[in-house]
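Please open the structure in a viewer and keep the sequence alongside.

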Amino acid sequence: FAPLKSLALVSLGGVLGSLVRYWLGIELSDGRSATLTANLIGVALATFLLVYTQRRANENLRNFLLPGFCAGLTTFSAVAGLTLEPQEGGQLFLFHNVMFSMVIILLILPIARKVIPVRS
C-alpha cells in the first residue's frame, strides 16, 4: 500500500507543479521567460524544501513536494530544446539557467539551514 500512496502523492504534486508551470507560460507568454522563471522558482523551492523535508517533514510530504510539485514545475526538456536554437541565443539561455540556478542554491541553502530547526 505504501508504494501506491507514494505514487499518488508524487503524481498529485506533479500535476499541481505542471499546472503552475502552464499558468506561468500563459502569464509570461514568452516561452523562454516562462521556462527560466519556472525553473528558477522550482530550484528555489526545491532547495528550501530539501532542507525542510530533511529536518521537519515526513516521507509523504517530501514525495508530494520534491519529486512531485517541484519536478512538475521545472523542466529540463524545455531548456534543452530552447538551447538547440542557436540563432535565438540557445547557449546563453542554457548558461543563464545553470548559473542563475547555482546562485539561487548558494543564497537559499544557508538561509534554509539557519531558519529551519532540526526536529528534536
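Which pattern does the protein follow, read along the sequence? The pattern is α-α-α-α-α, with five helices and zero strands; helices (H or I, at least four residues) and strands (E, at least two) are DSSP runs, numbered from the N terminus. This is a predicted model, in which local features need pLDDT of at least 70, side-chain atom pairs count only at pLDDT 80 or more, and totals for chains, interfaces and linings use all residues. Residues are numbered from 1 along each chain as its sequence is written, and side-chain values use heavy atoms, without hydrogens and water.

Display the C-alpha trace first: along its principal axes it spans about 55 × 35 × 20 Å. Of the 120 residues, 34% count as buried (under 20% relative accessible area, with a 1.4 Å probe and protein chains only).

Next, select H2 (residues 31-55) and H3 (residues 59-73), which pack at an angle of about 165° with their axes 9 Å apart. Axes are lines fitted to C-alpha atoms, for helices over the stretch in contact, and angles run from 0 to 180 degrees between N-to-C directions. H2 and H3 are therefore roughly antiparallel (over 145 degrees). Contact (heavy atoms within 4.5 Å) involves residues including Leu 45 and Leu 49 of H2 and Leu 65 and Phe 69 of H3.

Finally, select H5 (residues 90-115), whose 26 residues reach 37 Å from first C-alpha to last, close to the 38 Å expected at 1.5 Å a residue (1.5 Å times one less than the number of residues). Its buried residues include Phe 93, Asn 97 and Ile 104.

Technical notes. Parallel < 35°, antiparallel > 145°, perpendicular 65-115°, else oblique. Buried < 20%, exposed > 50% of the residue type's maximum accessible area, 1.4 Å probe, protein only.
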